[in-house]
Amino acid sequence: MKHGLTLLALGLILSGCATANEEVDHFGYAALSAARDFGVGAKPIPNQLQTLENPFGSVPVESCYSWYQEARHLEHALEMNEGRRVGHRRDNSNFKGRFGNLRDVGVKTVATLFTPYKGILRQISGAAAHEKEAKLADQRARLRLGFLVGQGRANRCQGF
């Protein structure tokens, strides 16, 4: 019975594997979560998200092409911004991605388990403020993306 459970667990672990380089990258990123709590190695917010102030503003040239191009750039910036969160760095549409994200969250949990006063440290180091700004930038970009899609559909543009 023990051997059967061990084989099942091993099979589940291996079934979530990506390439060796990707696994090392994801493991390292999750394992360094405690360092990011001190503000070390935090990923910058993509420039396009940082500079976006008014999600409902106009573009210099109102056209299907300009809306489509901006929407593609925003999608790319959102993907880059999403990669900062452990447990959201893989594709969740399949078992491998979901299981890999679960494994990464487990590694992060173990890595940060022994960080005393984590909340206070995150406030002092600025990591909490950086994370908050990243979330707000993400929200503004998603609003902008929805606005652009609405403009494209209202004007019967292809690709929307």
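**Close-up views of salt bridges**

**View 1. Arg 142 and its partner Asp 138 in the predicted model.** Arg 142 has a relative accessible area of 45%, so this residue is partly exposed. The side chain of Arg 142 forms a salt bridge with Asp 138, and the closest N and O atoms are 2.8 Å apart. Both residues belong to helix α8, where they are four residues apart, so about one helical turn separates them. Asp 138 counts as buried because its relative accessibility is 13%, which is under the 20% limit for that class.

**View 2. A salt bridge between Glu 70 and Arg 144.** The two side chains meet with an N to O distance of 2.9 Å. Glu 70 lies in helix α5 (residues 64-82) and Arg 144 lies in helix α8 (residues 127-154), so the pair ties together parts that are 74 residues apart in sequence. Glu 70 and Arg 144 are both buried.

View 3. Arg 72 has 26% relative accessibility and counts as partly exposed. Glu 75, at 32%, also counts as partly exposed.

**View 4. A network of salt bridges.** Three residues are linked here: Arg 122, Glu 131 and Lys 135. The structure as a whole holds six salt bridges.

Conventions:
Residues numbered from 1 in each chain as written. Predicted model: local features only at pLDDT ≥ 70, side-chain atom pairs only at ≥ 80, totals over all residues. Heavy atoms only, no water. Salt bridge = Lys/Arg side-chain N within 4 Å of Asp/Glu carboxyl O. Helix = DSSP H or I, 4+ residues; strand = E, 2+ residues; numbered from the N terminus. Buried < 20%, exposed > 50% of the residue type's maximum accessible area, 1.4 Å probe, protein only.
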